[in-house]
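Please look over the sequence and the structure shown here before reading on. The briefing then takes up one residue, the overall fold and one pair of packed elements.

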Amino acid sequence: RNTYPDVTSFNAVIKAWGKAKKLNSAARCEYWLHKMINENRPREGYTQQTTPIAQPDASTYNLVMDAWMNMDNPDAARVQDLLLEMKASDTVSPNSESYSKVIRAWLKDELLNQLGVQGSSVERAWANLDELMSLEAQGDVGPAPELFTSILKTAARSEGRGENLLAVAQESFWAKRNRSRFNVDQIDFVFLLEIGMKVLVGKER
């Protein structure tokens, strides 16, 4: 009886490459992900595959996301692209962890200011959190409470002083209070106050 590696086996390989943190680690993770995808596509002239191979699942994509996030120069845009790939797939759907990783990738990107436009990465993080809350209303997935606070914290720690940061912070704060099943706490108020003061000082300069 022939045996073939299952999705757990492929995920273990991808996880190992991700933890290696070499220059090509994330690229190697993507190689295995796309090997799983491509080997399952119908081939001209073949009625069936001669070598079955496991389909990727949400954990597979999430591990590849981790690899891109853990690089010396994290690639938030690529993490976002992986989420889009899952959403377009007929065989796998993103879970709450998938969205959480994309949100955290953009927040990390904001602090590193890799886009060069302060505040824009926080806006992207908020857009994904807003989408995740909409999906929760449909009963599919949902956010963790710390995601709201993480957006507020990052907006407070960002070097940006634009009103876009305050707008995102306010949306995140009120969404946690009015749209989620969580309560705002003292630290949420503190971060929102810090952001408001920072933006106000920036306008006075």
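Does Leu193 count as buried or exposed? In this predicted model, Leu193 has a relative accessibility of 57%. Exposed means over 50%, so Leu193 counts as exposed.

**Leu193 and its surroundings**
- Leu193 is part of helix 9, which covers residues 186–204.
- Together with Met197 and Leu200, Leu193 makes a nonpolar surface patch.
- The area of this patch is about 310 Å².

**The chain as a whole**
- The protein chain has nine helices and zero strands.
- Read from the N terminus on, its elements follow the order α-α-α-α-α-α-α-α-α.
- The C-alpha trace of the protein chain spans about 70 × 40 × 25 Å along its principal axes.
- Of the 205 residues in the protein chain, 43% are buried.

**Helix 7 and helix 8**
- Two packed helices are described by the angle between their axes and the distance between the axes.
- Helix 7 consists of residues 145–157, and helix 8 consists of residues 163–178.
- These two helices pack with their axes 9 Å apart, at an angle of about 160 degrees.
- Angles over 145 degrees count as roughly antiparallel, and helix 7 and helix 8 are therefore roughly antiparallel to each other.
- Where helix 7 and helix 8 cross, the crossing is left-handed.

Methods: Residues are numbered from 1 along each chain as its sequence is written. This is a predicted model: local features need pLDDT of at least 70, side-chain atom pairs count only at pLDDT 80 or more; totals for chains, interfaces and linings use all residues. Side-chain values use heavy atoms; hydrogens and water are left out. Patches are made of residues with over 30% relative accessible area and no salt bridge: like charges are joined within 9 Å, nonpolar side chains (Val, Leu, Ile, Met, Phe, Trp, Tyr) within 5 Å. Accessible areas come from the Shrake-Rupley method with a 1.4 Å probe; for residues, only the protein chains shown count as cover. A salt bridge is a side-chain nitrogen of Lys or Arg within 4 Å of a carboxyl oxygen of Asp or Glu. Helices (H or I, at least four residues) and strands (E, at least two) are DSSP runs, numbered from the N terminus. Buried means under 20% relative accessible area, exposed over 50%, partly exposed in between (1.4 Å probe, protein chains only). Axes are lines fitted to C-alpha atoms, for helices over the stretch in contact, and angles run from 0 to 180 degrees between N-to-C directions. Angles under 35 degrees count as roughly parallel, over 145 as roughly antiparallel, 65 to 115 as roughly perpendicular and the rest as oblique. A crossing is left-handed if the near helix is turned anticlockwise from the far one by less than a right angle, and right-handed if clockwise.
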